[in-house]
Amino acid sequence: MLATLDRRALLRAALVFLIAAVGITAVLTMGGAAEAATAETEAVTTTASSGGTNLLIQNLFNGIVFGLLLALASVGLSLIYGTTGLSNFAHGEMVTFGAMITYFLATPQEVSFPLLPFSFSVNWPFWLAAPVGIAIATGFGWIQDKIIWSQLRRRRVAMVQQMIVSIGLSLALVNFIQWWMGGRPVRLVTSIDPRNQYGPISVGNVTLISMAIAIAAILGVAFFLQRTRLGRATRAVSDNPALASASGIKVNSIIRIVWMMAAGLAALGGILLALYQQGIGFDDGTKLLMMMFAAVTLGGLGHPYGALVGSLIIGIVAEVSTVWLPPDLKFATALGILIIVLLVRPQGILGKPERVG
Amino acid sequence: MTDKPVILNADNLIAGYLPGINILNGCSMEVKEGELIGIIGPNGAGKSTFLKALFGLVPVRDGSVTLGGEDITNLRADELVKRGVGFVPQTNNVFPSLTIEENLEMGAYQASKNFKKQLKRIGDLFPVLIERKNQRAGSLSGGERQMVAMARALMMDPHVLLLDEPSAGLSPARQDETFVRTREINKTGVTVIMVEQNARRCLQICDRGYVLDQGTSAYTATGQELLKDPKVIELYLGTLGA
């Protein structure tokens, strides 16, 4: 069933990757000539090639890693958009929140609750702190929907107004996190992850494990949506909430579950991101938000697998572009790709134009 | 028909979408078990609103709806499905990104243990849906969607089926098919309440018709009587004979 359902979508995704691969190879050959000419790039290549690392393949790999982490964060954003129609601007903070809670539980340093005079050190091992952090974030998703979003839906508050509430919540949360955890990036684990060389790629074990966890989580979401009754009901709510309700599906319970899942996945993404970039600042999630929106739009708004495809493309484009362009421009390049793709496919890569009537 | 018990009763419903503006100004209806009821009336009479008010999709401000003697006014849709009421909306009546089979599964969401059995039963009524069960509903034509929508609503084996303009937007041949099918479903013992623009065709198959005007149920009679009623002919059927 899965195969027949998404064969065309997969084909499209494969086509996009093929074009990207051809493009990258073409630019690589040109880039090879340019490298010899500019001293700056030469310096980069010498440092990179010193360990037998191919800069392009390494960046491609980094792009996939970043894309997978971005996907974890943006799948939830996409599911929330799909089921409720809300563009949740506070989703970036859910990423930071998960990582910060984990830091709070795992760090050997003294931590405290805001406004409370006593400080203490929880100092749990990381393998315990991370799942508990995700569980707390999931609970936060539940609370958010319980006290804010379900109330707004019940009162039939329009989407633009709800979106502005989410912007307000985003500002409140990012400032709260800064107040609580301080303005400096924190590290979830202090040990240094040694890098291993696999052919042209240099990568640490932690990153490899993170990738495996991210892939497993994404496959888990796909399995949930495709093969479980609750997941199919989630897609039904995403398609047509009024009809879902008329079919006897408790739409608000489904949306509650989606909020919890979204918060949990964002927290997992945040924790893995903090490991990957060796630390997380109070506004890292906020900075990531634009990339998440770009990924979700690129893949096809509300399409659950669209978030994955969009994230991988954004991640790869952002990282690979640093081979030739200044790193400061990497997100701009990714957003440039978004514009080009939307000009060709306005509904996004996996988005399907619905027939009318 | 008269000796059958009343299954659904709407008493003086007042309802509307916007605050302060009532679409229904006292609609009443009494439906006996096994009846096929047609609701007709001019555009804007509140036909669809009436149906939605029965199903709790439009808030009822005054009056009451009872099902088998039990008050169901303003109950949530999923509660009504549990009590055996099915509803087929006029538009957006399928889940476009789900396959036909998944659409039907959603219809039986509250009784998933019976899904296989029900699928077989519905398959006898709509064999074409089973042949194409892995096709996405979004790729179907209007008539095919109508079929999926009706099949979905029947998956819970409802006692009462509410149909909102099932023939809207269909070709004449498809319209006929829809009316015949509705009659067939009714013959299996399902009480059907349908809202229709196609008043003549609707009254031909109905046991009883309700004529709605300006948010009130103006009068009721058997389908045949309404077809011959000079006022109905003038207002809703035009002057052409059947």
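Which residues in α7(A) meet which residues in α10(A)? Keep that question in mind while you get your bearings. The model is predicted.

**Chain A, whole**

Select chain A. It has 13 helices and 4 strands. Of its 357 residues, 45% are buried. Now consider its contacts with a separation of 6 or more: residues 24 or more positions apart account for 75% of them.

**α7 and α10 of chain A**

Select residues 205–227 and 251–276 of chain A, which are α7 and α10. Their axes come within 10 Å and cross at roughly 165°. That angle is why α7(A) counts as roughly antiparallel to α10(A). The crossing is left-handed.

Now show the side chains. On α7(A), pick A:Val206, A:Thr207, A:Ser210, A:Ile213, A:Ala214 and A:Ala217. They meet A:Leu265, A:Leu268, A:Leu272, A:Leu275 and A:Tyr276 of α10(A). Colour by class: this contact has 9 nonpolar and 2 polar residues, with no charged ones.

**α3 and α12 of chain A**

Move to residues 55–84 and 304–321 of chain A, helices α3 and α12. Here the axes come within 6 Å and cross at roughly 145°. This crossing is right-handed. By class, the contact of α3(A) with α12(A) divides into 16 nonpolar, 10 polar and 1 charged.

**α6 of chain A**

Select residues 159–181 of chain A for helix α6.

Next, highlight the buried positions of α6(A): A:Ser166, A:Ser170, A:Leu173, A:Val174, A:Ile177 and A:Met181. Look at how they are spaced. An α-helix has 3.6 residues a turn, so residues three or four places apart point the same way.

A:Gly182 follows, with a positive phi near 90°.

**α4 of chain A**

How many of its residues are buried? The count is 16 of 16, so α4(A) is largely enclosed by the rest of the structure. The 16 residues should span 22 Å at 1.5 Å a residue, and the end C-alpha atoms lie 23 Å apart, which agrees.

**Where chain B touches chain A**

Bring in chain B. Select its side of the interface: 27 residues of chain B are in contact with 22 residues of chain A. Three helices of chain B, α2 (77–82), α3 (100–107) and α6 (142–154), each supply at least two residues of that side. Colour by class again. The side of chain B that touches chain A has 10 nonpolar, 12 polar and 5 charged residues.

**Two asparagines in chain B**

Finish with backbone torsions. Most residues other than glycine have a negative phi. Which way does the phi of B:Asn12 go, positive or negative? It is positive, about 50°, although B:Asn12 is not a glycine. Find B:Asn12 in strand β1 (residues 6–15) of chain B. B:Asn12 has 14 C-beta neighbours inside 10 Å, so it counts as partly exposed.

Then select B:Asn92. It is not a glycine either, yet its phi is positive, about 45°. Look for B:Asn92 in the loop between β6 (85–88) and α3 of chain B. With 13 other C-beta atoms within 10 Å, B:Asn92 is partly exposed.

Note on methods. Residues are numbered from 1 along each chain as its sequence is written. Chains are lettered from A and ligands numbered from 1 in the order in which they are written. This is a predicted model: local features need pLDDT of at least 70, side-chain atom pairs count only at pLDDT 80 or more; totals for chains, interfaces and linings use all residues. The expected span of a helix is 1.5 Å times one less than its number of residues. A residue is buried if 20 or more other C-beta atoms lie within 10 Å of its own, exposed if 12 or fewer, and partly exposed in between; C-beta atoms are placed from the backbone. Axes are lines fitted to C-alpha atoms, for helices over the stretch in contact, and angles run from 0 to 180 degrees between N-to-C directions. Angles under 35 degrees count as roughly parallel, over 145 as roughly antiparallel, 65 to 115 as roughly perpendicular and the rest as oblique. A crossing is left-handed if the near helix is turned anticlockwise from the far one by less than a right angle, and right-handed if clockwise. Two residues are in contact if their C-beta atoms, placed from the backbone, lie within 7 Å. Ala, Val, Leu, Ile, Met, Phe, Trp, Tyr, Cys and Pro count as nonpolar, Asp, Glu, Lys and Arg as charged, and the others, Gly among them, as polar.
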